[in-house]
Amino acid sequence: MDGFFGIEIARRALETSQYGMNVTAHNIANANTPGYTRQRAVLEATESFPAPYWNRPLVQGQLGTGVRVKVIERVRDSYFDGQIRKENQALGGWQVKENALKQLETIFNEPSEAGLQNAMGEFWNAWQQLSRNPESISIRSSVLEMGRMLVNSFNQLSDKLSRLQENLNDQVAAKVNEANSIAEKIASINHDVLRIRVYGTEPNDLLDQRDQLIDQLSKIVDVKITELDSGVMLVYINGRQLVSEQSANQLQAVANPLNNGFYDVKWALDGESLVMYDGELKALVDSRDVIVPKYQGNLDLLASTLIAEVNNLHSRGYGLDGTTGWNFFTGTSAKDIALSSDVDDPKHIAAASSWPPGGAPGDNTNALAIAALKNAAVSVGGSLTTMDDYYRSIVANLGIDSQEASRMVENGKLYYDLIENHRQSVSGVSLDEEATNMIKFQRAYQAAARLISVFDEMLDVLINEMVR
């Protein structure tokens with residue numbers, strides 16, 4: 001121990017206070033940075049003097065040697081991270097489903113004058129008008145025009161549903177690419193974390209970036225996280241490793257010819273299908289392969305029933321020229337329903353159910369029968385209902401599904417925000433707290449500086465005054 005021992009203690013105090021002030025400044029600077037975690041300088045006393053070895057100096061007791069920064073640590077709770085990521089998966093999935101159902105509501109556009117409900121009503125009304133004047137060529141042309149409008153409504157709905165499926169399919173490929181990109185970035189950060197920790201330091205800002213990337217990835221697909229003692233984060237999807245210590249496996253979107261060429265999500269390494277239980281990617285696949293086909297199937301069933309019921313009556317009726325056996329519609333679904341070429345001539349519209357001598361060209365009984373289909377109970381998918389009621393049930397079910405998805409999104413956001421608030425209460429930067437720390441380190445720095453001044457005065461006395 002020498003006369004400069006106290007100065008060395010004061011120097012360490014200055015250095016430590018300045019270090020703490022720098023950490024505080026970094027926190028304040030990043031108070032509004034997304035994903036930033038509050039940092040804290042952990043202080044510890046340096047080793048006392050003398051150290052307990054066999055030839056230590058013979059002094060009474062041990063003297064403290066000052067302070068140092070042990071580590072700069074992030075103030076973060078892994079429990080809230082796990083809860084956020086779990087909720088992220090569910091919320092991301094419901095948001096995708098809500099978006100898909102909202103688009104379906106926009107496509108069906110009910111109730112409105114441009115909707116299928118109105119087109120069906122105009123079609124039945126045209127037959128009702130024809131029953132009042134079955135010999136009128138202009139009214140027969142109106143029946144054809146209303147039939148053409150109804151056909152176009154079915155065709156357009158089917159085309160829009162197909163385009164929605166294609167759009168969802170494109171989003172599947174985009175999400176696979178996004179997941180791969182995030183996984184590569186996480187693997188790169190893992191590599192950097194390993195290199196930095198070799199030198200005994202904490203790469204806090206890198207860890208923040210990695211946690212933010214994992215949060216983003218957890219919204220896309222259901223991931224499980226394992227943190228090693230080395231600081232590396234391993235990422236798994238249903239037991240298979242996506243991110244290792246320094247590399248990432250890749251996912252790929254592979255066109256499936258058995259599913260209209262839509263993408264299946266597989267592991268690039270061996271082509272095995274990716275098993276998913278939650279997240280945006282799972283919801284996109286479900287929306288594409290389950291939700292949209294459900295409503296497409298309902299629409300096709302309505303179209304096929306309409307075709308069969310109208311053709312059944314129309315083909316048994318008679319036109320103005322006495323001809324019979326003509327179909328009014330062709331096709332089997334909403335996609336290919338069309339007006340039959342049999343009725344290109346308005347005279348072939350079968351408004352009559354008989355022909356002279358049993359009746360007259362002006363007979364309207366078949367037109368009445370077709371108009372009555374509006375309120376007639378027919379077999380639709382094995383259930384007796386009217387076609388109008390069946391379509392209304394499609395629209396009502398869509399509204400219920402959409403409301404359910406919106407409710408789940410709203411509830412999910414509330415729970416997510418609650419957890420995020422808890423996480424921020426631990427990890428977020430409090431400017432009031434940082435201001436307190438700033439004053440604390442400032443005062444400690446001033447005291448250490450004053451201590452050096454005192455030692456300087458003492459040395460001045462020792463060196464100059466004693467010489468006199």
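This is a predicted model: local features need pLDDT of at least 70, side-chain atom pairs count only at pLDDT 80 or more; totals for chains, interfaces and linings use all residues.
**Entry 1: the largest pocket**

I sorted the lining of the largest pocket by class and got 13 charged, 5 polar and 5 nonpolar residues. The pocket holds about 510 Å³ of space. I then looked for what sits closest to the centre, and of the 23 lining residues these are Ser78, Asp81, Arg85, Glu227 and Met233. Which elements give two or more residues to this lining? I found β2, α2, α5 and β3 (224-227). The largest share comes from α2, with 6 residues.

**Entry 2: the second largest pocket**

Next I went to the second largest pocket, with a volume of about 370 Å³. Its 24 lining residues include Gly35, Gln212, Asp215, Glu420 and Arg423, the closest ones to the centre. By class I noted 11 polar, 7 charged and 6 nonpolar residues in this lining. Helices α2, α5 and α8 (387-427) each supply at least two lining residues. Here α5 gives the largest share, 6 residues.

**Entry 3: salt bridges**

I kept running into charged side chains, and I reminded myself that side chains of opposite charge can pair when their charged atoms come close. How many salt bridges does the structure hold? I got 30.

I picked out Arg38 and Glu433 to start with, whose side chains meet at 3.3 Å, N to O. Arg38 is in the loop between α1 (5-29) and β1 (39-45), while Glu433 belongs to helix α9 (residues 431-465), so this pair ties together parts 395 residues apart in sequence. Are the two partners buried or exposed? Arg38 has 10% relative accessibility and counts as buried, whereas Glu433, at 35%, counts as partly exposed.

Then I checked Asp208, which forms a salt bridge with Arg74, with the closest N and O atoms 2.7 Å apart. Asp208 sits in helix α5 (residues 204-220) and Arg74 in strand β2 (residues 67-74), so the bridge links parts that are 134 residues apart in sequence. Asp208 is buried, at a relative accessible area of 5%; the cut-off for buried is under 20%.

For a local pair I took Lys102 and Glu105, where the closest N and O atoms are 3.9 Å apart. Both are in helix α2 (residues 78-108), 3 residues apart, so about one helical turn separates them. I read Lys102 as partly exposed at 37% relative accessible area, and Glu105 as partly exposed too, at 30%.

One network joins Arg74, Arg76, Asp81, Arg85, Asp208, Asp211, Asp215, Glu420 and Arg423.

**Entry 4: the nonpolar core**

Last, I looked at the largest nonpolar core, which has 85 residues. Which members touch the most others? They are Phe108, Trp127, Phe154, Phe328 and Phe329. Helix α4 (residues 137-197) gives the most to this core, 19 residues.

I zoomed in on Phe154 and ignored its neighbours within four places in sequence. That left contacts with Leu116, Leu299, Leu302, Ala303, Leu306, Ala334 and Ile337.

Notes. Residues are numbered from 1 along each chain as its sequence is written. Side-chain values use heavy atoms; hydrogens and water are left out. A nonpolar core is a set of buried Ala, Val, Leu, Ile, Met, Phe, Trp, Tyr and Cys residues joined through side-chain atoms within 4.5 Å. Buried means under 20% relative accessible area, exposed over 50%, partly exposed in between (1.4 Å probe, protein chains only). Helices (H or I, at least four residues) and strands (E, at least two) are DSSP runs, numbered from the N terminus. Contact means heavy atoms within 4.5 Å. A salt bridge is a side-chain nitrogen of Lys or Arg within 4 Å of a carboxyl oxygen of Asp or Glu. On a 1 Å grid over the protein atoms alone, a cavity is a set of points where a 1.4 Å probe fits but cannot get out, and a pocket is an open set with protein on both sides within 12 Å along at least five of seven lines; lining residues have an atom within 4 Å of a point. Grid points are joined across faces, edges and corners, and a volume is the space filled by probe spheres set on the points. Ala, Val, Leu, Ile, Met, Phe, Trp, Tyr, Cys and Pro count as nonpolar, Asp, Glu, Lys and Arg as charged, and the others, Gly among them, as polar.
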